[in-house]
Amino acid sequence: MKTIAVLPAGSVSDEAARHLFRGEELNWKHHRLISDVFLSTVNGVSDYSVVPIENTIEGSVSLHMDWLVHEVDLPIQAEWVYPSIQNLIGRSSEVRDASGEIDYSRITKVISHPVAIAQCYQFLRTHLPHAATEHVSSTAEGVRIVQNNPGSGLAAIGTMTAAANEGLDVIASAITDHDNNYTRFLLVGPEPYTARQSDSPKTSILITLPEDYPGALHQVLAAFAWRKINLSRIESRPTKKRLGNYYFYIDIDMALDTVLLPAAIQEIEAIGCQVRILGSYPSFSDYKQL
């Protein structure tokens, strides 16, 4: 039986992982911190780690990308998207007035993961401009804190699953700023994921340019362009070696074992670039069809 490392029960990561692995018998290892999720698989405690890597509204999750690139060497084995539906969670009895209406002034602090708080900016600005915000390691952690502190004026942003797990109420549902709020997740681990097939393979690579090489990035992109290889994502991130030194994270809509992609990588390496393969894996872009 496989063991899956993931952020706390009731988090969006937990919901997304169960969606990918639905119908399978698994052991779940829930961790409060993303570092512990990664290290669980590095140390052989779990077979895979589930990592949220990008969000429709907030873009890349930088901390998680840095762990994937700098701290561990776990190949990507699958990616999929899952809707991030956030809700305001607390105790209805603490926030309703005598007429039964919600009195948001009774909430003094909102607790959640920083990405979830950013996803709900408009709601918070409209209904809770007076409330402080507090960042925690996951949405589920925020809900747990609210559950443990009754009568403190606290509310959390999180999933309906987390609210049910902690015996709390959904004060306001679907409070994200945009309806198309999706998060892209990666499955990382030493073994290929074969439970489901996809018609959309993808390969992720890191490219570090040679120093003092004018036009190097142009040549990198040209190696893909003239072969008509589509790049679905390209992002620069600091190498952490010195200021102004970057690597480029690139997602390619093609499997590594095709004819064109290895040739493109060889051309890029020929100009002095370092190329690291992060994984070649199935991509599930429509969560309803997964």
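## A tour from the whole protein to its cavity

Of the 290 residues in the protein, 51% are buried (under 20% relative accessible area with a 1.4 Å probe, protein chains only). The model is predicted: local features need pLDDT of at least 70 and side-chain atom pairs count only at pLDDT 80 or more, while totals for chains, interfaces and linings use all residues. Numbering runs from 1 along each chain as its sequence is written, and side-chain values use heavy atoms, with hydrogens and water left out.

Begin with the C-alpha trace, which spans about 75 × 45 × 35 Å along its principal axes. Switch to cartoon: the protein has ten helices and 15 strands (DSSP runs numbered from the N terminus, H or I of at least four residues for helices, E of at least two for strands).

Next, select the residues Val12, Ser13, Pro52, His113 and Val115. Among the 18 lining residues of the largest cavity, these lie nearest its centre. A cavity is a set of points on a 1 Å grid over the protein atoms alone where a 1.4 Å probe fits but cannot get out, and lining residues have an atom within 4 Å of a point. The structure holds one cavity of 30 Å³ or more, and the largest holds about 240 Å³ of space, a volume being the space filled by probe spheres set on the points, which are joined across faces, edges and corners.

Now colour α1 (12-20), β3 (48-55), α5 (114-119) and β11 (182-188); each supplies at least two residues of this lining. α5 gives the most, with three residues.

Note on methods: On a 1 Å grid over the protein atoms alone, a cavity is a set of points where a 1.4 Å probe fits but cannot get out, and a pocket is an open set with protein on both sides within 12 Å along at least five of seven lines; lining residues have an atom within 4 Å of a point. Buried means under 20% relative accessible area, exposed over 50%, partly exposed in between (1.4 Å probe, protein chains only).
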